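Look at the sequence and the structure, then read on.

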Amino acid sequence: MASTSSNLQKAIDLASKAAQEDKAGNYEEALQLYQHAVQYFLHVVKYEAQGDKAKQSIRAKCTEYLDRAEKLKEYLKKKEKTPQKPVKEGQPNPAEEKGCHCYRATKREMERRCWS
């Protein structure tokens with residue numbers, strides 16, 4: 001039971017840190033943290049004793065985190081491909097105005113591994 005608590009707590013801590021980094025605009029770090037959090041959550045669901053209601057709740061959170069991670073991944077991929085145009089001082093950066101809109105492969109990979 002102690003390992004369930006520690007793995008679940010680790011997942012929660014990673015997800016919380018991911019959300020903080022995401023909000024701060026540190027998208028690469030947030031992506032990594034979301035992915036690690038989901039791995040911990042899915043380990044808890046798959047290998048550690050939980051009730052059906054708890055498993056459903058964790059899976060729902062995993063889906064949310066994977067959706068966000070996919071968006072971040074896509075955003076970062078697009079950012080790499082398109083060179084940044086210089087922005088005049090005092091004008092807003094167009095990329096920042098649009099916000100983050102990104103990603104896809106991560107969710108499918110995790111679902112294939114953990115829901116099959």
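Q: What makes the contact between the side chains of K17 and E21 a salt bridge?
A: The definition asks for a side-chain nitrogen of Lys or Arg within 4 Å of a carboxyl oxygen of Asp or Glu. The side chains of K17 and E21 meet at 2.9 Å, N to O. That is within the 4 Å limit, so the name salt bridge applies.

Q: What kind of model is this, and how are its residues numbered?
A: This is a predicted model: local features need pLDDT of at least 70, side-chain atom pairs count only at pLDDT 80 or more, and totals for chains, interfaces and linings use all residues. Residues are numbered from 1 along each chain as its sequence is written, and side-chain values use heavy atoms, with hydrogens and water left out.

Q: How many helices and strands does the protein have?
A: It has five helices and zero strands. Along the sequence the pattern reads α-α-α-α-α. Helices (H or I, at least four residues) and strands (E, at least two) are DSSP runs, numbered from the N terminus.

Q: Why are K17 and E21 about one helical turn apart?
A: Both lie in helix 1 (residues 2–23), and they are four residues apart, so about one helical turn separates them. An α-helix has 3.6 residues a turn, so residues three or four places apart point the same way.

Q: How many salt bridges does the structure hold?
A: It holds three. Another of them joins the side chains of D22 and R68, at 2.6 Å, N to O. This pair links distant parts of the chain: D22 is in helix 1, R68 is in helix 3, and they are 46 residues apart. E64 also forms a salt bridge with K61, with the closest N and O atoms 3.5 Å apart. E64 and K61 both lie in helix 3, three residues apart, about one turn of the helix.

Q: Is D22 buried or exposed?
A: D22 has 10% relative accessibility, so D22 counts as buried.

Q: Why do E64 and K61 count as partly exposed?
A: E64 has a relative accessible area of 45%, so E64 is partly exposed. K61 has 36%, so K61 is partly exposed as well.

Q: What makes the link between D22 and R68 a polar contact?
A: A polar contact is a pair of N or O atoms within 3.5 Å; within protein, one must be able to donate a hydrogen and the other to accept it, and residues adjacent in sequence count only if both atoms are side-chain atoms. The two side chains make theirs at 2.6 Å.

Q: Which residues does D22 contact, leaving aside neighbours within four places in sequence?
A: They are Y27, A30, Y34, R68 and L72. Contact means heavy atoms within 4.5 Å.

Q: Which residues touch the most other members of the largest nonpolar core?
A: Among its 23 residues, they are Y34, V38, F41, I58, C62, Y65 and L72. Helix 1, helix 2 and helix 3 each supply at least two residues of this core. The largest share, eleven residues, comes from helix 2. A nonpolar core is a set of buried Ala, Val, Leu, Ile, Met, Phe, Trp, Tyr and Cys residues joined through side-chain atoms within 4.5 Å.

Q: Why does L33 count as buried?
A: Its relative accessibility is 9%, so L33 counts as buried. L33 lies in helix 2 (residues 27–47). Not counting residues up to four places away in sequence, L33 touches L14, K17, A18 and E21.

Q: How do you know that the span of helix 3 agrees with its number of residues?
A: The expected span is 1.5 Å times one less than the number of residues. Helix 3 (residues 52–81) has 30 residues, so it should span 44 Å; its end C-alpha atoms are 43 Å apart, which agrees.

How values were computed:
Buried means under 20% relative accessible area, exposed over 50%, partly exposed in between (1.4 Å probe, protein chains only).
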